[in-house]
Amino acid sequence: MAEVVVPIGPHHPALKEPVNFKVVADGETIVRLELDVSYNHRGIEKAAEQRDFVRVVPLLERVCGICSHSHTTVFVKGIEEAMKLQLPPRAQYIRTIVAELERMHSHFLWLGVAAHEIGFNTLFMWTWRDREAVQDMLEEMTGNRVNYGINEVGGVRRDLTTDQIQAALKRLPHLEDRIAKYVDMVNHEQTMMIRFRGVGKLSRVDALKLGAVGPTARASGVDYDIRKDDPYIAYADVPWKVVTDTHGDVYGRTLVRIGELQESLQIVRHCLENLPAGPIKVTSPRAAPKGEVLSRYEAPRGELVHFIRTNNTDKVERLDIRTPTLANWTSVAVSLVHQNLADIPVVVAAIDPCLSCTSRITIVNERGRKTGELTWDELSAHGRAFYRNGRRA
Amino acid sequence: MSELLKLEQVARAMEGIGTPEAVKANRIRVPTTPAKVKEAVRRALTDLACDHVVQIAAVDNGKAFELIYHLTGPHRTVVAIAIELPRDKPEVATASDLLPPAGIYERQIHDLLGIVFVGHPDLKRIILNEDWPANEFPMRKDWKPNPNTFYGGVRKEAT
């Protein structure tokens, strides 16, 4: 059959921002993939150059709704490095607690999205319910469910009271049980094993060559994790291990994320139990001396980088943000080649793209010279029917 | 995890390219010239075992454009290869053939700063929308939005 181009996007209700994929397909098999992320450029890097360090932090919190704490932490730690500030350990621990809770709610969210893409909506409902518990913890600690507003240059803005710490510790055993349940499920549940195994395969060599980061790379046996490689905030003080896997497919990425849920929970527990006493911030100077900082951070989706240039003023001269999704994109484009059209939702979802998606697909039928549309639900239904009929290639 | 790269190791690998300096224990910066950047990247990949491109940072410092290629590897040291490009002719050879992920970063830099990566297979728009005027690069310091230019979104007449 001749190759056809299937444009997907730019609108899709399941994810957050718009993106357009041009999928070149030969029958059911994908030949090539192109990406266009130009639908939601907000000029944040330019806007960041106009604001002082107090006003730029809330702006950066809004780069992403899920990784809001990641973007502020990576930025303030970069500015603190430029200012040569020594932060009180209590501030670093509080940042770590919020960071790991953010990773947990992000991974729960991902697990739900992935389950939904394979038509396993029970798991989707369960993980999102558990995610609520994590969000409640975040709300109790920071006052907010999404943009926590906890970071500022020089420390954190809210302290944790003994009551808050006790309340948070009480919530952890339930979450621990739930995560153990998912560990069990991923090893036994037929739906997950059939739809995740062997899908979106990425070898270790390719993961390195194509610059994959985060759980996508770690599922292919690459043990890069910035929390270990270039420890920041409190990670050097906390006992934890990097989770890797060698499956290299969507199944491996699921195992890595569930493993990270377990690790994150232990990091949160350790930090809550061993929260050092003392102040939560230091006074920071208004301006940062001339300098250049490469600030790296392990966001839930992978390595997040803020390159910061300071120039003796209270504003940045340049802020260059490299997000994990952009780094992972090259690897998705490769791992989808020779896969089935029906697997696009789950393979794309497997890198946990923090961009966006699709509300419709234009199906171009070359022989009939007809153009029709498919909603995301119809594509998902197509994926389910394709597997139900046992037509797996 | 192997040991951090030492300054002498980098100096040896980058002989004839530039003199490296240690910015931090795990950051080594190698300033060089645009003509030698490709050779520098190649040597970082082979002689210094760098297998991961962290970021290609692009800066307009007011006088010239700077590109800083941040690479790392199992040694967890970030090797930063820094070059400066003149404003009137911002051209440099692409690194996308050596580093596939650089392809997407170079497209982004081309979009925002107008730096041309010679030899890039597909240097088309990725970040800015399709209505954005050609030859306007918003991250340049001397760029000002023109009130009469259409930059995308909904046209005034349409509302």
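Predicted model: local features only at pLDDT ≥ 70, side-chain atom pairs only at ≥ 80, totals over all residues.
**View 1. Overall form of chain A.** Chain A contains 14 helices and twelve strands. Its radius of gyration is 22 Å, close to the 21 Å given by the globule rule for 393 residues, so chain A is as compact as a globular protein of that length. Along the principal axes, the C-alpha atoms of chain A fill a box of roughly 70 × 45 × 35 Å.

**View 2. Packing of helices α5 and α6 in chain A.** Helix α5(A) spans residues 121–142, and helix α6(A) spans residues 162–188. The two pack at an angle of about 170 degrees, with axes 10 Å apart. Angles over 145 degrees count as roughly antiparallel, so α5(A) is roughly antiparallel to α6(A). The crossing of α5(A) past α6(A) is left-handed.

**View 3. Residues between α5(A) and α6(A).** From α5(A) come A:Asp130, A:Ala133, A:Met137, A:Glu140 and A:Met141. They meet A:Gln164, A:Ala167, A:Ala168, A:Arg171, A:His174, A:Leu175 and A:Arg178 of α6(A). By class, this contact has six nonpolar, two polar and four charged residues.

**View 4. The five-stranded sheet of chain B.** The sheet is open, and its strand order is β1-β2-β5-β4-β3. Pairing is mixed. Strands β1(B) (21–24) and β3(B) (52–60) stand at the edges. Each has a single partner strand, so one side of each is left without a neighbour in the sheet. On average, neighbouring strands of this sheet are turned by 25 degrees against each other, direction ignored.

**View 5. Strands β2 and β5 of chain B.** Strand β2(B) covers residues 27–31, and β5(B) covers residues 78–86. The two strands run parallel and are joined by five bridges. B:Arg29 has B:Ala80 in β5(B) as its bridge partner.

**View 6. Helices on the sheet of chain B.** Helix α2(B), residues 37–46, packs on the sheet and touches β2, β4 (64–72) and β5 of chain B. The direction of α2(B) makes about 170 degrees with that of β5(B). Helix α3(B), residues 102–113, also packs on the sheet, touching β3 and β4 of chain B. The direction of α3(B) makes about 10 degrees with that of β3(B).

**View 7. Contact of chain B with chain A.** Chain B contributes 24 residues to the contact, and chain A contributes 27 residues. On the side of chain B that touches chain A, β3(B) supplies the largest share, seven residues. By class, that side of chain B divides into 14 nonpolar, five polar and five charged residues.

Note on methods. Residues numbered from 1 in each chain as written. Chains lettered and ligands numbered in written order. Axes fitted to C-alpha atoms, helices over the stretch in contact; angles between N-to-C directions. Helix = DSSP H or I, 4+ residues; strand = E, 2+ residues; numbered from the N terminus. Parallel < 35°, antiparallel > 145°, perpendicular 65-115°, else oblique. Left-handed = near helix turned anticlockwise from the far one by under 90°. Contact = placed C-beta atoms within 7 Å. Nonpolar A, V, L, I, M, F, W, Y, C, P; charged D, E, K, R; others polar. Pairing = 2+ DSSP bridges. Rg over C-alpha atoms; globule rule 2.2 N^0.38 Å.
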